[in-house]
Amino acid sequence: MSTREPAFTPYENEADVVEVGNLMLENRSDRVTISGDVDLTADRRGLEQARLLQGLLARVVASLEAKDLPDRLPPPDVKTVGNPFA
């Protein structure tokens with residue numbers, strides 16, 4: 001694993017994805033989605049992954065603290081499309 005912090009600016013685009021173990025942080029303009037899992041093992045690799053995750057989440061918190069936030073986001077506008085394989 002690299003000790004270099006990945007390019008990831010929370011809430012700035014719809015493209016960034018960072019992996020820590022099998023944990024994924026996916027960037028969106030209105031949310032950061034965290035999915036998967038990671039084992040933070042009691043070894044150097046585990047420490048490196050924990051520091052990377054801590055740094056990424058610190059960026060998310062700093063970005064949120066810098067914004068004028070609503071109490072809650074409205075639900076996403078979901079559109080249903082017909083099955084193209086039917």
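The model is predicted, so local features need pLDDT of at least 70 and side-chain atom pairs count only at pLDDT 80 or more, whereas totals for chains, interfaces and linings use all residues. Residues are numbered from 1 along each chain as its sequence is written, and side-chain values use heavy atoms, with hydrogens and water left out.

The phi angle of Tyr 11 is near 70°, a positive value in a residue other than glycine. Most residues other than glycine have a negative phi. Tyr 11 is buried, with a relative accessibility of 12% (buried, under 20% relative accessible area; exposed, over 50%; partly exposed, in between; 1.4 Å probe, protein chains only).

Four salt bridges were found in a search of the whole structure (a side-chain nitrogen of Lys or Arg within 4 Å of a carboxyl oxygen of Asp or Glu). In one of them, Glu 14 pairs with Arg 28, with 3.9 Å between the closest N and O atoms. This pair links distant parts of the chain, 14 residues apart: Glu 14 is in the segment before E1, and Arg 28 is in the loop between strand E2 (22–27) and strand E3 (32–37). Glu 14 is partly exposed at 48% relative accessible area, and Arg 28 is partly exposed at 28%.

Arg 28 also forms a salt bridge with Glu 26, at a closest N to O distance of 3.6 Å. Through shared partners, Glu 14, Glu 26 and Arg 28 are joined into one network. A further salt bridge is formed by Lys 79 and Asp 77 (3.3 Å, N to O), and both residues are exposed.

Notes:
Helix = DSSP H or I, 4+ residues; strand = E, 2+ residues; numbered from the N terminus.
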